[in-house]
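Here is a short briefing on one protein chain. Look over the sequence and the model before you read the points.

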Amino acid sequence: MENVVKDTASPPVPSGRAQRITERTRSEGWKKPPRRIETSECITCDTCLRSCPSEFGAIFDIGLDVVIIPELCSGCPACVLECPVDCIYVDENWTPTDESVWNHIELTTEGA
């Protein structure tokens, strides 16, 4: 009879962006507040989405709107510098992201 050793290693603990998505929290080390997109001014060109550094990946198309997820946004100015209509602002009074948005994020990041 052959001894079979079961792999009891636990799955890797997510880190960085994946961890923030899993925990739905903002990094405590970030000193700057997150950014927000004023949807009434946005032309939905997605330039901000493409310019957001991948380690944050904080910008998503949600329906007809482009939104910044505050828990994923470090407050860096990368998107602001690229926005052709200057519709991205500091969000000092941000609120936690709605559950339905997190469900969308999880669907769009599976396998990423």
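The points below cover the fold, the core, the pocket, the salt bridges and a few loop residues.

This is a predicted model, in which local features need pLDDT of at least 70, side-chain atom pairs count only at pLDDT 80 or more, and totals for chains, interfaces and linings use all residues. Residues are numbered from 1 along each chain as its sequence is written, and side-chain values use heavy atoms, with hydrogens and water left out.

**Overall fold**

- The chain has four helices and four strands. Helices (H or I, at least four residues) and strands (E, at least two) are DSSP runs, numbered from the N terminus.
- Read from the N terminus, the order of elements is α-β-α-β-β-α-β-α.
- The chain has 112 residues, and 32% of them are buried. Buried means under 20% relative accessible area, exposed means over 50%, and partly exposed lies in between (1.4 Å probe, protein chains only).
- Take the contacts in the chain with a separation of 6 or more: 72% of them involve residues 24 or more positions apart. A contact means heavy atoms within 4.5 Å.

**The nonpolar core**

- In soluble globular proteins, nonpolar side chains tend to be buried together.
- Here, the largest nonpolar core has 22 residues. Such a core is a set of buried Ala, Val, Leu, Ile, Met, Phe, Trp, Tyr and Cys residues joined through side-chain atoms within 4.5 Å.
- Which residues have the most contacts inside this core? They are Ile37, Ile59, Ile68 and Ile88.
- Strand S2 (59-62), S3 and helix H4 (99-109) each supply at least two residues of this core. H4 gives the largest share, three residues.
- Ile88 has contacts beyond its neighbours within four places in sequence. Its partners there are Arg35, Arg36, Ile37, Cys48, Ile68, Cys79, Val80 and Cys83.

**The largest pocket**

- The volume of the largest pocket is about 280 Å³. A pocket is found on a 1 Å grid over the protein atoms alone, as an open set of points where a 1.4 Å probe fits, with protein on both sides within 12 Å along at least five of seven lines. Grid points are joined across faces, edges and corners, and the volume is the space filled by probe spheres set on the points.
- The largest pocket is lined by 17 residues, and the closest to its centre are Arg36, Val67, Ile68, Ile69 and Pro70. Lining residues have an atom within 4 Å of a point.
- Strands S1 (35-37) and S3 (65-68) each supply at least two lining residues. S3 gives the most, with four.
- The lining has 10 nonpolar, three polar and four charged residues. Ala, Val, Leu, Ile, Met, Phe, Trp, Tyr, Cys and Pro count as nonpolar, Asp, Glu, Lys and Arg as charged, and the others, Gly among them, as polar.

**Salt bridges**

- The structure holds three salt bridges. Each is a side-chain nitrogen of Lys or Arg within 4 Å of a carboxyl oxygen of Asp or Glu.
- Glu99 pairs with Arg24, with the closest N and O atoms 2.7 Å apart. Glu99 is in helix H4 and Arg24 in the loop between helix H1 (16-23) and S1, 75 residues apart.
- Arg24 also forms a salt bridge with Glu106, again with closest N and O atoms 2.7 Å apart. Arg24 lies in the loop between H1 and S1 and Glu106 in helix H4, so this pair ties together parts that are 82 residues apart in sequence.
- Glu38 and Arg36 form a salt bridge with closest N and O atoms 2.9 Å apart. Glu38 is partly exposed at 24% relative accessibility, and Arg36 is partly exposed at 30%.
- Shared partners join Arg24, Glu99 and Glu106 into one network.
- Is Arg24 buried or partly exposed? Arg24 counts as partly exposed because its relative accessibility is 23%.

- Asp46 is not a glycine, yet it has a positive phi of about 65 degrees. Asp46 sits in the loop between S1 and helix H2 (47-51).
- Asp86 also has a positive phi, of about 50 degrees, and is not a glycine. Asp86 is in the loop between helix H3 (78-82) and strand S4 (88-90). Asp86 counts as exposed, at 54% relative accessibility.
- Pro96 is in the loop between S4 and H4. Pro96 is exposed, with a relative accessible area of 66%.
- Pro96 and Thr25 are 71 residues apart along the chain, and their C-alpha atoms are separated by 8.4 Å.
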